[in-house]
Structure formats: C-alpha cells, structure tokens
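Hi,

Here is the structure I promised to pass on. Could you have a look at it alongside my notes below?

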Amino acid sequence: QVRLVESGGGLVQPGGSLRLSCAASGSAYSVDVMGWYRQAPGKQRELVASVNSAGATSYAESVKGRFTISRDNAKNTVDLQLSSLNPEDTAVYYCNALIRIRSWRPGTNYWGQGTQVTVSS
C-alpha cells in the first residue's frame, strides 16, 4: 500500500511564507513525476508545480517566481516553498505522484489527503 502524506499547511498573513512537504511511503518500484495541485472553494483543481525524476520543473504562471518545488529521489519526498503569498493563493493543496508498484505494470496516480493553506490578515 502506497500513501502520500502531506504536512506544512496553515494560516499566514499576506506576504508571508510556508513550506509544504509530501512523503511517499510504502514499497514502490519507482516514483516518477511528483507535483502539487490546489483547489480553491468553487474552483477546479489546478496544477501548481511539478518535478520529474531528472529534476526538471514546471510552474503555473500565477506562481512563477514565488513558489519553488524540489524533491529528494532517495527519500521519495517533494517539497513546495511558498513565498510572497496573497489571498488568491488560499486553497487546499494536494500532493500527487505517478508511482510504479511493479516494474511490469504502468504507473498509477496517487493523491495526498490535502492540506489547507489560508492567506488572510
């Protein structure tokens, strides 16, 4: 059983910072692309940032220059550093990973439970 466990969410004032962490636990053949999504109330879930196993990153235009994604392949963890936060960043943030359980089977998307980030004065 593979699980994604998130931590680091909370309440922060505009202009503040937070760091989110996600760890993939359980046996896995490989962890491929890892990323962070977010979903605000009444809005569709959107991709915030992703990083592949080679370290290549991608960001949504709305967070470029403010958020930084990083991963540790040996530990199967991925972090998201959020800086210069504004109220528009308020959402539930979800960790996502494409994981192969066995080498002969294709990868499957796994999701974390989500962690709340609230930006408000």
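What follows is a short tour of the strands, the charged side chains and a few backbone angles.

First, the ground rules. This is a predicted model, in which local features need pLDDT of at least 70 and side-chain atom pairs count only at pLDDT 80 or more, while totals for chains, interfaces and linings use all residues. Residues are numbered from 1 along each chain as its sequence is written, and side-chain values use heavy atoms, with hydrogens and water left out.

Strand β4 pairs with strand β9 (residues 91–100) in the antiparallel sense over eight bridges; two strands pair if DSSP finds at least two bridges between them. Within this pairing, R38 stands opposite Y93 of β9. Strand β4 also pairs with β5 (residues 46–51), again antiparallel, over five bridges, and there W36 has A49 as its bridge partner. β4 and β5 form a hairpin with six residues between them, and G42 in the turn has a positive phi of about 75°.

Now to the charges. The count comes to five salt bridges, a salt bridge being a side-chain nitrogen of Lys or Arg within 4 Å of a carboxyl oxygen of Asp or Glu. Which residues are linked in a network of salt bridges? They are R38, E46, R66 and D89. Here are its contacts:

- R38 and E46 form a salt bridge, with the closest N and O atoms 2.9 Å apart. R38 is buried, with a relative accessible area of 7%, whereas E46 is partly exposed at 35% (buried means under 20% relative accessible area, exposed over 50%, partly exposed in between, with a 1.4 Å probe and protein chains only).
- R38 also meets D89 in a salt bridge (3.0 Å, N to O). D89 lies in the loop between β8 and β9 and R38 in strand β4, so this pair ties together parts that are 51 residues apart in sequence.
- D89 and R66 meet in a salt bridge as well (2.8 Å, N to O). This pair links distant parts of the chain, with R66 in the loop between β6 (57–59) and β7, 23 residues apart from D89. D89 counts as buried at 1% relative accessibility, and R66 is buried at 17%.

E6 in strand β1 (residues 3–7) is another residue to look at. E6 is buried yet has no salt bridge, and the nearest side chain of opposite charge, R45, is 8.1 Å away (Lys and Arg count as positive and Asp and Glu as negative; His and the chain ends are not counted). What does the side chain of E6 reach? It reaches the backbone nitrogen of G114 at 2.5 Å, and a polar atom of the E6 side chain lies 3.1 Å from the backbone nitrogen of Q113.

As for R45, it lies over the face of Y94, at 3.8 Å from the ring centre. The charged end of R45 also sits over the ring of W111, 4.7 Å from its centre. The rule here is that NZ of Lys or CZ of Arg is within 6 Å of the ring centre and within 35 degrees of the ring normal.

Finally, the backbone. Most residues other than glycine have a negative phi. N76, however, has a positive phi of about 55°; N76 lies in the loop between β7 (67–72) and β8 (77–82) and is partly exposed at 23% relative accessibility. S84 has a positive phi of about 50°; S84 is found in the loop between β8 and β9 and is partly exposed, with a relative accessible area of 46%.

Notes
Helices (H or I, at least four residues) and strands (E, at least two) are DSSP runs, numbered from the N terminus. A polar contact is a pair of N or O atoms within 3.5 Å; within protein, one must be able to donate a hydrogen and the other to accept it, and residues adjacent in sequence count only if both atoms are side-chain atoms.
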